[in-house]
Amino acid sequence: MDIDRCLMDIVSAWDAKGFPETEKWATWAKNALEEVPAWLDSEFPGWETVAAEEALYEPIEDRDAYFKGFVDCIIKVPREKGGYDIWVLDWKTAGAGGWRVEKKQDPLTLAQVALYKSYLMNKHKELYDGARYVKCGYVLLKKGAKKGKCVELFTVSVGPVAMQKANKLVSNTIAGMRKGLRVKNRQSCLYCPYANTEHCT
């Protein structure tokens with residue numbers, strides 16, 4: 001990875017959108033990018049890339065709608081006694097101390113990787129049926145953390161019940177939207193592409 005070129009592209013994109021404190025963020029990004037390769041090798045020995053930014057556009061059961069998403073990272077990790085596990089990973093930024101307990105228990109946060117796993121297992125049945133386990137987690141890239149402590153894995157237990165709950169959440173959300181219910185997260189206006197447009201109310 002050409003980290004310097006990567007940082008130039010990142011900062012250029014941030015500046016174009018008018019994001020604040022890009023130099024500080026660039027320093028944090030550089031520290032994380034330098035640590036990620038060795039961290040992956042340590043956390044997932046022998047890992048292989050399955051996909052990056054895997055596109056999902058899958059029909060939602062019992063709804064005239066599709067689930068759209070992009071899975072950040074999917075890797076295949078050999079097991080000591082043979083076979084392999086699949087890891088479904090999503091990259092997130094966090095503070096120097098990682099996520100708070102409230103964030104780690106937030107149903108919407110946990111539902112994201114549960115939905116990814118659910119739809120990926122239907123989309124690529126052969127790959128996932130061959131895995132011993134299909135595991136999920138968030139890779140936290142920690143802003144302001146000391147070097148050597150910038151990357152952390154937060155694993156999420158996603159079994160059949162968790163996937164069922166996540167899919168029910170999506171179904172209920174669609175039903176609510178079609179009844180006119182619009183839920184907005186006003187804590188995320190800075191990075192919202194619809195902020196201060198005709199679509200923002």
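I began with the lining of the second largest pocket, which by class has 12 nonpolar, 1 polar and 2 charged residues. Here Ala, Val, Leu, Ile, Met, Phe, Trp, Tyr, Cys and Pro count as nonpolar, Asp, Glu, Lys and Arg as charged, and the others, Gly among them, as polar.

I noted the ground rules next. This is a predicted model, where local features need pLDDT of at least 70, side-chain atom pairs count only at pLDDT 80 or more, and totals for chains, interfaces and linings use all residues. Residues are numbered from 1 along each chain as its sequence is written, and side-chain values use heavy atoms, with hydrogens and water left out.

**Second largest pocket**

I looked up its volume: about 370 Å³. A pocket is an open set of points on a 1 Å grid over the protein atoms alone, where a 1.4 Å probe fits, with protein on both sides within 12 Å along at least five of seven lines; lining residues have an atom within 4 Å of a point. Points are joined across faces, edges and corners, and the volume is the space filled by probe spheres set on them. Of the 15 lining residues of the second largest pocket, Ile10, Ala29, Ala32, Leu33 and Leu141 are the closest to its centre. Helix 2 (22–43) gives the most to this lining, with 7 residues. Helix 1 (3–16), strand 3 and strand 4 (134–142) are among the elements that each supply at least two.

**Largest pocket**

I then turned to the largest pocket, with a volume of about 1300 Å³. It is lined by 25 residues, and Leu108, Thr109, Gln112, Asn185 and Ser188 are the closest to its centre. Strand 3 (84–94), helix 4 (107–123) and helix 6 (160–178) give two or more residues each. Helix 6 gives the most, with 7. By class, I read 13 nonpolar, 8 polar and 4 charged residues.

**Helix 4 against helix 6**

I checked how these two helices pack. Their angle is about 105°, with the axes 8 Å apart. Helix 4 is therefore roughly perpendicular to helix 6, a label for angles of 65 to 115 degrees. Axes are lines fitted to C-alpha atoms over the stretch in contact, and angles run from 0 to 180 degrees between N-to-C directions. The contact (heavy atoms within 4.5 Å) includes Leu108 of helix 4 and Ala162 of helix 6. Its residues divide into 10 nonpolar, 2 polar and 1 charged.

**Whole chain**

I counted 6 helices and 5 strands. Helices (H or I, at least four residues) and strands (E, at least two) are DSSP runs, numbered from the N terminus. The mean pLDDT (confidence in each residue, from 0 to 100) is 91.

Note on methods. pLDDT is the predictor's confidence in each residue, from 0 to 100. Angles under 35 degrees count as roughly parallel, over 145 as roughly antiparallel, 65 to 115 as roughly perpendicular and the rest as oblique.
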